[in-house]
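Colleague: I'd like to learn how to read charged pairs in a model. Can you take me through some?

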Amino acid sequence: MKRQRCFVLALLVGASQAAARVHHRRNAPAAFSEPKSPAVDFVDPFIGNGGNSPDGSGGMIPSTAPPFAMTRWVAQTRQNYVSVTPYNYTDSHIHGFQGTHQPAIWMGESAQAIVSPGAGQVQSVFEHRGMRFDHANEIASPSYYSVSLDAIEGGKIHAEQSATSRAGHLRFTFEDSAAPYVLVEATRAFILGSDNPTNVTYPRGSVNIDPVRREITGHNPERQDFIIGPNPAPSFAGYFCARFDTPFDSFGAAQNGSISEGARDGEGALLSGFARFARGTRRVDVRVGVSFISIEQARRNLEKEIPDGTTLEETARKTRAAWAEKLDRVKIEGASEEDSVIFYTGIFHTLQYPYEQSEDGQYYSGYDDKVHKGESYTGYSIWDTYRSEWAWQILLAPERISSMVQSMLQDYVEGGWLPMWKNIVETNIMVGTHADSLIAEAVAKGFKDFDLETAWAAVHKDATVPPEDDWNTSYYDRQQNVGYEVRAGLSSVYATHGWVASDIHSEAGSRTLDYAYDDYAVSVLASALGKDAEAAHFRARALSAPFTIFNNATGFMEARNANGTWAGQNAGWTEGDMWAYTFDVVHDVGALVARRGGPAAFVEFLDEHFDGGHNDHTNEPSHHIPYLYSLAGAASKSQERIRQIAKSNYNSSVNGLSGNEDCGQMSAWYIFSALGFYPVDPVSGQYVVGSPFFDKVTIDLPNAPQPLVISSPGAPSKPYIKSVTVNGRALKEPILTHADIAAGGHIHFEMSAEPEAWASSTLVSTVSLTLFVGRY
């Protein structure tokens, strides 16, 4: 994801990692560990949350919620905004518990709900209400979180948390403290962008306190990304209904730090409602329904998902069961405890986004500012996730795929375009129209339970219609007051000359290569729909466009200006450089190998890339590169590099991700690599063989007639492959098909401690380019 920063490789310091590992706990008490699931027990939600900088780790939070939940609940240690998450492991105070809709650290928050317990004088101001905590007294799992807080006026507050998709469940136990209260924050000041923390605005919301119903309700219109993207979503708001199990002893509203005792209603900025409970009250349970439609819908969501009388243990059990249903489908053998923690936490990360935006079969659309019937998702970091996370979700969560695609098509119908980076509405973040890739891949892999003609119309528009004022708008990162970015540069001059002009548009080199892949995706969808002429047209453009920016004099990709002159080797790249992007022709690797002088020269070029320190795994453009050795007849080198990257960029500490998770893509790379293959060209339905990490993996794929068994005895200590068989059939080339995987069966790797000749002919002899040409 576009991060507004220089590219810095995060250093994973061993001493700090070891210290971080022992501070917190991940195993919940027995009452919160049902149903039994060793896989869920391995998940550590703190992984990827360390570091003082936005890119110091993975940008993840220790949240509780089921897979793809609309709202994730997390302890609040900071005021979050673009570049800051609500929780950071380096902090020492908790200020409340937040139902967040911030999908990634470099995106803005929207319509959060915050619940803050206290004892004694009501503290509504963020800076005044923080309570000290110790990681030693903190437990986090996918379905349960707890922490012991030092109450401001003495005593302890034991806070516990679980959640369903649209409702949070909190329980506060007060020990030796003053009179307890719970505050529900409706609105706060929020920071615009990430460059200046003093640049704030004050959304106006509402709060209502109903002591008879024991409810605090209200709405919060905060949407931090409103300053970017073409959709104002004027009626957008988050609505909440907080219901307590304990009678109110007194109540009131707080605004800008001032308390109004007995107030039942409030409107405006910096607004909260609170309820006090009788002195001596030991325990208070509060359930918070949330909605993007109305307070009444928030109340219905609450009553549907966590009805009255539901215990916290029951809520946590339901959510844990949802995670177990997915994670228990994957069983690994021969993994260390650390490997298991990394692997299952990775699966946990890949099943969080996109998140549900619909409620009770309806959803608010900010594209046309209306409520529609149907299912909807948001939080699409497509520039990141099209590479491999979507392929992983197709395998492990196929029941979601058609509705996710249909959601994108609804965005097209209501807003005019498919999403690029949807955070409630389009934000214009990143480059390329990679929804084209998601849709084409889904269709190629057998998903057609959505409107195929609308799908074609949507991707065809991406490929043929430029944005407004295309010749005069740069579309630089987070540019304000512009329309849909889509394929900026399509008319200037990609459609006519094959490249995006660097003197007109930002990131022109990356755009050129991304558009070429998207054209390839459009051609695959056209073929699947029997549109042969359109398929031929877009495939031809997809194959020619990348090499319009290949500088034969240097052997690297280089952006070009509108008149054809070279723009310079450092111009025009998105989260990468000329090294990463010269390898970015994944739909025509054979042609790229030929341009670089053939297999042997290409392997030397890859060596120069890695040995020269140019591979930056913290950013997605590098993720496929180690697998290219295999496609150049040097599979044993792929096997070496993949193992090195996994060891250097992933561990089980809070600093366990070298780069931002980006809605699951970092973890998807690890999962696929651990299995032994990776979707270098996801739309093709092919996977390139790498090096499996474990002795055996068994996956109960939801739609498969039999389990997928991947056996690789000795793999933890033997990174090289001597042979591969698929259901007894010897694999000659390092390519698996989707059919080899999706139907289940047996993939067997014969592993070795030393490099082997399998799929590595370039390393022992000169081979014909016919091995590569036409593979894709």
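Colleague: How many salt bridges does a search of the whole structure find?

Modeller: First, the ground rules. This is a predicted model, where local features need pLDDT of at least 70, side-chain atom pairs count only at pLDDT 80 or more, and totals for chains, interfaces and linings use all residues. Residues are numbered from 1 along each chain as its sequence is written, and side-chain values use heavy atoms, leaving out hydrogens and water. Now the idea: side chains of opposite charge can pair when their charged atoms come close. A salt bridge needs a side-chain nitrogen of Lys or Arg within 4 Å of a carboxyl oxygen of Asp or Glu. The search finds 37 of them.

Colleague: Which residue forms a salt bridge with D41?

Modeller: R320 does, with the closest N and O atoms 3.0 Å apart. D41 lies in helix 2 and R320 in helix 5, so the pair ties together parts 279 residues apart in sequence. Helices here are DSSP runs of H or I, at least four residues, and strands are runs of E, at least two, numbered from the N terminus.

Colleague: Is R320 buried or exposed?

Modeller: Buried means under 20% relative accessible area, exposed over 50%, partly exposed in between, using a 1.4 Å probe and protein chains only. R320 is buried, at 2%. D41 is partly exposed, at 28%.

Colleague: What is the distance between the closest N and O atoms of D308 and R287?

Modeller: That distance is 2.8 Å. R287 sits in strand 19, and D308 in the loop between helix 4 and helix 5. D308 is exposed, at 53%, while R287 is buried, at 6%. Both belong to a network of salt bridges that includes R213 and E215.
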